[in-house]
Amino acid sequence: MSSKERKKAALYEKLLQLRAATNSSALNKTSIIVDASKYIEELKRKVDGMRQGVGTSQNSIAQNPLPAVTVETLEKGFQIHVLSEKNCPGLLVSILEAFEELGLDVLDARVSCSDTFQLEAVGEAADSIDAQAVKEAVLQAIQTWSTSSEQD
């Protein structure tokens, strides 16, 4: 195999890797590169949005005693994050009851309730519900919990 053929084969292999990494269905070199550029721009927008969300949630946590909630749509289901700078006794139960009312099956979860409250859960719903509905249900559960814990 000549040097030119090896370079061409290496380039082809790298294009196939790029195509796989960016979930491109393109077949020619130019289209794969265009798809990769679009994919990179989309990732940049997501990172910027996450940075803004982190800054906003940090400010809102300092000003608002209620936990911050984010819900992301996954390929099958949702990823739910709930964060509070303080311990929230009973909040986990309220959130899990909201999941149950939605018909959301929790597939994986990590919870910390020691000094702060942190919940990261991955759930899947049998019915077709969107991320906004999940977020609203979690926020309602937090509001209900907050009202009941203030009365205690």
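What distance separates the centres of domain 1 and domain 2, taken over C-alpha atoms? The answer is 34 Å. The domain assignment of the chain places domain 1 at residues 3-54 and domain 2 at residues 68-149; such bounds come from an automatic or database domain assignment.

Before I continue, a word on conventions. This is a predicted model, in which local features need pLDDT of at least 70 and side-chain atom pairs count only at pLDDT 80 or more, while totals for chains, interfaces and linings use all residues. Residues are numbered from 1 along each chain as its sequence is written, and side-chain values use heavy atoms, with hydrogens and water left out.

On confidence, pLDDT is the predictor's confidence in each residue, on a scale from 0 to 100. The chain has a mean pLDDT of 85, and 92% of its residues reach 70 or more. Confidence is lowest in α2, with a mean of 77, and highest in β2, at 92. Helices (H or I, at least four residues) and strands (E, at least two) are DSSP runs, numbered from the N terminus.

I turn now to the nonpolar core. By this term I mean a set of buried Ala, Val, Leu, Ile, Met, Phe, Trp, Tyr and Cys residues joined through side-chain atoms within 4.5 Å. Buried denotes under 20% relative accessible area, exposed over 50%, and partly exposed in between, with a 1.4 Å probe and protein chains only. The largest nonpolar core has 20 residues, of which I80, V82, I95, V134 and V138 touch the most other members. At least two residues of this core are supplied by each of β1 (68-74), β2 (77-84), α3 (91-102), β4 (117-125) and α4 (131-151). Helix α4 gives the largest share, six residues.

Which residues does I95 touch, not counting residues up to four places away in sequence? They are V82, F117, L119, V138 and A141, where contact means heavy atoms within 4.5 Å.

Next, helix α2, where A36 is found. At 6% relative accessibility, A36 counts as buried. With residues up to four places away in sequence left out, A36 touches L18 and T22.

Finally, the charged pairs. Side chains of opposite charge can pair when their charged atoms come close. A salt bridge here is a side-chain nitrogen of Lys or Arg within 4 Å of a carboxyl oxygen of Asp or Glu, and the count comes to five.

One of them joins K44 and E41, whose closest N and O atoms are 3.7 Å apart. Because K44 and E41 are three residues apart in helix α2 (residues 29-63), about one helical turn separates them. K44 is partly exposed at 47% relative accessibility, and E41 is likewise partly exposed, at 42%.

Which residues are linked with R110 in a network of salt bridges? The network comprises D108, R110 and E120. R110 meets D108 at 3.8 Å, N to O, and R110 also pairs with E120, the closest N and O atoms being 3.7 Å apart. E120 lies in strand β4 and R110 in strand β3 (residues 104-112), so this pair ties together parts that are ten residues apart in sequence. In relative accessibility, R110 counts as exposed at 52%, D108 as partly exposed at 39%, and E120 as partly exposed at 26%.
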